[in-house]
Amino acid sequence: MSATLAFDLLERTAEHRPADFGGLGVVFYWHLEALPRLALGDQDHLVPALPVSGLGAIASTLAGISSVSSPWHDGFHLVDLSGPALTHASQYLAPPIDLLGATDIGLSRATGARHMTALLVSQLEGVACVGLLTTHGEATVFERGLLVPRRRKI
């Protein structure tokens with residue numbers, strides 16, 4: 001179910017992406033205790049204020065802050081599945097590399113830093129899945145270290 005929600009949100013976000021969309025990564029979580037992270041940028045002046053609830057509002061917010069001109073376009077954004085609600089923006093993630101021993105199935109798709117981070121973070125306790133959206137609207141989702149089959153390009 002969480003991968004379906006991830007694809008739905010990524011597709012909605014792709015529909016609203018600006019011309020200078022830089023791509024994005026979204027962590028869909030139940031709790032964050034096991035996720036090593038650090039906020040990027042001035043979180044006190046994040047616009048709009050978080051949390052943002054509802055898939056439409058989250059998608060619109062993600063599209064806007066993923067514009068290269070936005071100071072919050074970098075890093076991963078975090079969505080609490082109990083809402084769902086966008087609760088954190090622009091987070092640097094540092095997943096343990098030793099998780100690579102747990103899986104090798106998704107590695108062929110983890111071709112860059114954002115993909116590798118998504119693959120590793122998707123294995124952490126409290127994380128349901130991690131979704132990525134490329135600048136061209138291609139959605140990718142990792143769940144428990146495995147690539148979830150892509151539904152379609154947007």
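This is a predicted model: local features need pLDDT of at least 70, side-chain atom pairs count only at pLDDT 80 or more; totals for chains, interfaces and linings use all residues.

Reader: Is His 77 buried or exposed, and what is its relative accessible area?

Author: His 77 lies in strand E4. Among the residues it touches are Val 26, Leu 62, Trp 72 and His 88. Buried means under 20% relative accessible area. His 77 is therefore buried, its value being 0%.

Reader: Which residue's backbone nitrogen does the side chain of His 77 reach?

Author: The contacts of His 77 include Leu 86, Ala 89 and Ser 90. Its side chain reaches a backbone nitrogen at 3.0 Å, and that nitrogen belongs to Ser 90.

Reader: Against which helix do the buried residues of H2 pack?

Author: Helix H2 spans residues 55–65, and its buried residues include Leu 55, Ile 58 and Leu 62. These buried residues pack against strands E1, E3, E4 and E5, and also against helix H1.

Reader: How many of the residues of E7 are buried?

Author: In a regular strand the side chains alternate between the two faces of the sheet. In E7, Ala 139, Val 141 and Glu 143 are buried on one side, and Thr 140 and Phe 142 are buried on the other. The number of buried residues in E7 is thus five of five.

Note on methods
Residues are numbered from 1 along each chain as its sequence is written. Side-chain values use heavy atoms; hydrogens and water are left out. Buried means under 20% relative accessible area, exposed over 50%, partly exposed in between (1.4 Å probe, protein chains only). Helices (H or I, at least four residues) and strands (E, at least two) are DSSP runs, numbered from the N terminus. Contact means heavy atoms within 4.5 Å. A polar contact is a pair of N or O atoms within 3.5 Å; within protein, one must be able to donate a hydrogen and the other to accept it, and residues adjacent in sequence count only if both atoms are side-chain atoms. Lists of a residue's contacts leave out its neighbours within four places in sequence.
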